[in-house]
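User: I would like to learn how to read a structure like this one, feature by feature. Could you walk me through it?

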Amino acid sequence: MPEQVENSEVKSPTYDISKFRLKRILQNNSVRKSIALLGTFPDLSETDDAIVVFEKNAYQESDVSTSKELPAKPSYFSAELKVDTEFINNIYGSFQVVPSPDLCGVKSTVIYPATDKHVEKYSICQKYLIRETPDLYESTTLPYINLSQFSLEWVYNILEHKKETERIVFEDNDPETGFILLPDLKWDGRNVENLYLLGIVHKHNIKSLRDLNGSHLPLLRNMRQSAKDAISKRYGLNPNQLRMYFHYQPSFYHLHVHINPIRNDAPGIWCEKSHMLDTVISNLELLPDFYQRATLPFVLYEGNKLLDLYEEKITVRSVAAPISDSKELEKVPAVESSIEGFSDDDPGERECKRIKLATPEPKEAEVPAQACA
Ligand code: M7G
């Protein structure tokens, strides 16, 4: 087990990110400019897995300032800029530039020790859409959530003011309608352009959207208004430029709302996962038990045990052969056919397509490539 240190009231493992040893790359997203890595911290344990996620920071407008501000702020346009010319052809020039180290920060997230569920969450996988009826929720999803879910320790640490206290942007401590607003783990906290906040409700036992009913309207309306006011006051953002939404299914089953600016395509805003707070409020105003009666679609990843449980009840990975009145096809028995690339018979092969580590173990003396904006 990792070394533990006393840090206020909660113990957290200590690790040195530079001592991370890579086992394999879980995901390399060239659009988000992020990479998720699986490995270990051999200094602490040879067996406990660690996940390290690097994501290049978005540009801050001050990074490209050319005014001579005092005190001087780091800018791309300074004598420190190293310029490597690729070519200049007529009016077009192509370069690789390396700015000052102050501008080379990479947002890094570490999960240690990481469980199999974390590895699954950060891996590239086949995905399937499940149409979850209320019956399927009760019979399949709910028992699974009750048995297997990520620990909510970090959420309770925030609500009980044991961790991230200094990061709180706003708090309403009413036990029924109150919540804490603070930066999401995904936000570097530097650039308002990609602001990402979480509103975590004080009230326990609201696992997700599914549990919401008309009695929660005062809580939801309060979150909508108070969060907008607080964000406008702290960050100067127009409340009408904010996206507020729930995830379904969430990773953490204690109700929380995600908030980010609509002009930024934050991770996880896809329509198959997000439910706008405004729409949720409106649905509950129209029908207080909307979320107990609705069929809610959600995405399951290959490797998630819930997918196997669903496969026992409904057809997910394979699809029925198309119905045709052609004589030729009538001779063929009605079988379940696999869509190429989306189904494997061998459960072993159903494993996520993970990118295998292609690089040899780095030698001690090797300096890692400089990661820059
Ligand atoms: P979700 O919808 O349950 O899961 O959101 P997903 O979006 O990860 O699929 C949980 C949110 O909580 C995510 O946006 C996480 O980045 C964020 N989060 C997770 N952890 C462990 C922490 C944490 O320790 N502190 C803070 N501030 N945010 C976290």
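**Cavities, sheets and cores**

Analyst: Gladly! Please keep in mind that the model is a predicted one.

User: How should I think about a cavity, and which residues lie closest to the centre of the largest one?

Analyst: Rolling a probe the size of a water molecule over the atoms shows where empty space is left. In this model, two cavities of 30 Å³ or more turn up when the whole structure is searched. Eleven residues line the largest cavity, and those closest to its centre are Asn57, Ala58, Asp63, Leu103 and Arg190.

User: Now the overall make-up, please. How many helices and strands are there in the chain?

Analyst: The chain has eight helices and 18 strands. Of its 373 residues, 39% are buried. Contacts across the sequence are also worth a look: among those between residues at least 6 apart, 62% join residues at least 24 apart.

User: On to sheets. In what order do the strands of the open four-stranded sheet come?

Analyst: Strands of a sheet pair through backbone hydrogen bonds, either parallel or antiparallel. Here the order is β3-β4-β5-β8, with antiparallel pairing. At the edges are β3 (21-29) and β8 (106-111); each has a single partner strand, so one side of each has no neighbour in the sheet. From one strand to the next, the twist averages 20 degrees. For a detailed view, follow β5 (residues 50-56), which pairs with β8 over six bridges in the antiparallel sense. Val52 is opposite Val110 of β8.

User: And which strands are at the edges of the six-stranded sheet?

Analyst: That open sheet runs β10-β11-β12-β14-β13-β15, again described by antiparallel pairing. Its edge strands are β10 (170-172) and β15 (274-276), each pairing on one side only. Neighbouring strands are turned by 30 degrees against each other on average, direction ignored. β10 is joined to β11 (residues 179-183) by three bridges, and the two run antiparallel. Phe170 faces Leu181 of β11 in this pairing.

User: Which helices pack on this sheet, and at what angles?

Analyst: Helix α4 (residues 217-235) lies across β10, β11, β12 (197-201), β13 (242-247) and β14 (256-261), and runs at about 140 degrees to β13. Helix α5 (residues 277-286) touches β13, β14 and β15, and its direction makes about 65 degrees with that of β15.

User: How do I read the nonpolar core, and which residues in the largest one touch the most other members?

Analyst: The largest nonpolar core has 50 residues, and Leu181, Leu197, Leu212, Leu220, Phe246 and Ile259 touch the most other members. Helix α4 gives the most to this core, eight residues. A separate, second core has eleven residues, among them Ile158, Ile180, Leu182 and Ile200.

User: Last one: is Pro175 buried or exposed?

Analyst: Exposure is read from relative accessibility, and over 50% counts as exposed. Pro175 has 57%, so this residue is exposed. Pro175 lies in the loop between β10 and β11. Setting aside its neighbours within four places in sequence, Pro175 is in contact with His202 and Lys203. His202 is 27 residues from Pro175 in sequence, yet their C-alpha atoms are 5.6 Å apart in space.

Definitions and conventions
Residues numbered from 1 in each chain as written. Predicted model: local features only at pLDDT ≥ 70, side-chain atom pairs only at ≥ 80, totals over all residues. Heavy atoms only, no water. Pairing = 2+ DSSP bridges. Axes fitted to C-alpha atoms, helices over the stretch in contact; angles between N-to-C directions. Contact = heavy atoms within 4.5 Å. Core = buried A, V, L, I, M, F, W, Y, C linked by side-chain atoms within 4.5 Å. Buried < 20%, exposed > 50% of the residue type's maximum accessible area, 1.4 Å probe, protein only. 1 Å grid on protein atoms, 1.4 Å probe; cavity = no way out; pocket = protein on both sides within 12 Å on 5 of 7 lines; lining within 4 Å. Points joined across faces, edges and corners; volume = space filled by probe spheres on them.
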